[in-house]
Amino acid sequence: MDNYLIINARIVNQGSVVTGFVLVRGGVIRAVAPGAPQVETDQAEVIDAGGKYLIPGVIDDHVHFREPGLTHKAEIATESKAAVAGGVTTYMEMPNTSPPAVTIAELEQKYARAAEVSLANYSFYLGATADNIREIKNLDPASHCGVKLFMGSSTGNMMVNNPGARERIFAESPALLAVHCEDDSIIRRNLAAQEKVFGENIPIGMHPQIRSEEACFRSSALAVELARKHQTRLHILHVSTARELELFEKGTDFEKKKITGEACIHHLWFHDADYERKGSLIKWNPAVKTAGDRDALLNGLLEDRLDVIATDHAPHAIEEKQNNYSETPSGGPMVQHSLVAMLELVHRKKLTIEKVVEKMCHAPAKLFRVKARGFILPGYRADLVLVDMESEWTVSRRGLYYKCGWSPLEGELFHSQVTHTWVNGKLVFMNGMFNEMVRGERVEFEEG
Ligand SMILES: [Zn+2]
């Protein structure tokens, strides 16, 4: 029996918080109403939320689960488990695996694997290369989240620097184009300058000077220019600088607003003073930059210039992260703590819980045209998360579900905790316990 009646919940949905109940039956939200239920309850298991907050499951539009081929770092089973423990019920996963997902056939193999092992709902991006335009053109936007283009290098070499190939991708992608923007020629020049000074021992604190504001701005500006020219649905991933904000317009109507931006947890949480404390554990591409950049990104979300909050969850083995600057790969795990980290900003009065839900649940659903998810409304899939806003705890290695077994947030004190997570109406996580029999579904998308 997977029918639930969740009562006494502070339901956060579409900009308001209402105390009431939600009835879930057959994987679908059947009723949402204020007050106490008038419906028959003997057909459903009653969960008394006791005033805790009920929010739509988080939709994370940017994760790297490393499968196939890089499974010493992470795998779909482990990371999807961490995701549901963190209140993330749907993820969109990136193509820089091994082999990279650059054909529809390779992409379908990832869906098949996820169907076997994923505890959360899933979609996978097709990777763009200089020569797979035919695959891109054949991508069905109703069954895939989008195309990922690296205009700048990161883990796995999928960078498209050929201007002709790049322009064709912008012109012809039938699906949303999600882009990593960093200008590689600027980065290489900056790196060479630092190598002259430090040789092989470049301090990690130089990372934001090497992967500089200029490198981000130039590349993002070029992407915006190409998108305007070709009317592309462009989503710029992990915006990391105050300066890039001028490239985005305010607004939340994604039928009109075709150029959108993502902010990532680490860029909203850390700033450059943290390199001393955390070292290479907070080495990301694009780099964590100044406190001014961090605050500007938060403001960009508040004024709807930036549209979604995601993780760029990108685990590496701890040994890999303990190399010297040049050898240490960029990226870190985040999907288990993205929601509680943003709720911490609610405790600090920098965000409201309604805004967190807007940017982590509603906006990714609307922007990607996800079918029937991301809201607490009758007829929607029952992806739900119950959050205790008054529960103090410290992130420790013991409580992590990541395969890599470490987190850049170890030692952080949080005041909120995810207590229950439902995926398609199935209770997959409850107070630290999992139902590992639950499987997520392949996400579907509305036609544009
Ligand atoms: Zn990424």
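1. Two strands count as paired here if DSSP finds at least two bridges between them. In this predicted model, strand β1 (residues 4-13) meets that condition with strand β4 (residues 45-48), the two pairing in the parallel sense over 4 bridges. Within this pairing, Ile7 stands opposite Asp48 of β4.

2. The hairpin formed by β1 and β2 has 2 residues between the strands, and in it Gln14 takes a positive phi near 50 degrees.

3. Strand β1 is also joined to strand β5 (residues 53-56), with which it runs parallel, by 2 bridges. The bridge partner of Arg10 in β5 is Tyr53.

4. How far is β1 enclosed by the rest of the structure? Of its 10 residues, 7 are buried, and therefore the strand is largely enclosed, where buried requires 20 or more other C-beta atoms within 10 Å of a residue's own.

5. Ser338 belongs to helix α11, which spans residues 338-347. Because 28 other C-beta atoms lie within 10 Å, Ser338 is buried. Leaving aside residues up to four places away in sequence, Ser338 touches Val58, Asp60, Gly86, Val88, Ile265 and Thr311. The C-alpha atoms of Ser338 and Leu302, which are 36 residues apart along the chain, are separated by 17 Å.

Note on methods:
Residues numbered from 1 in each chain as written. Predicted model: local features only at pLDDT ≥ 70, side-chain atom pairs only at ≥ 80, totals over all residues. Buried ≥ 20, exposed ≤ 12 C-beta atoms within 10 Å, placed from the backbone. Contact = placed C-beta atoms within 7 Å.
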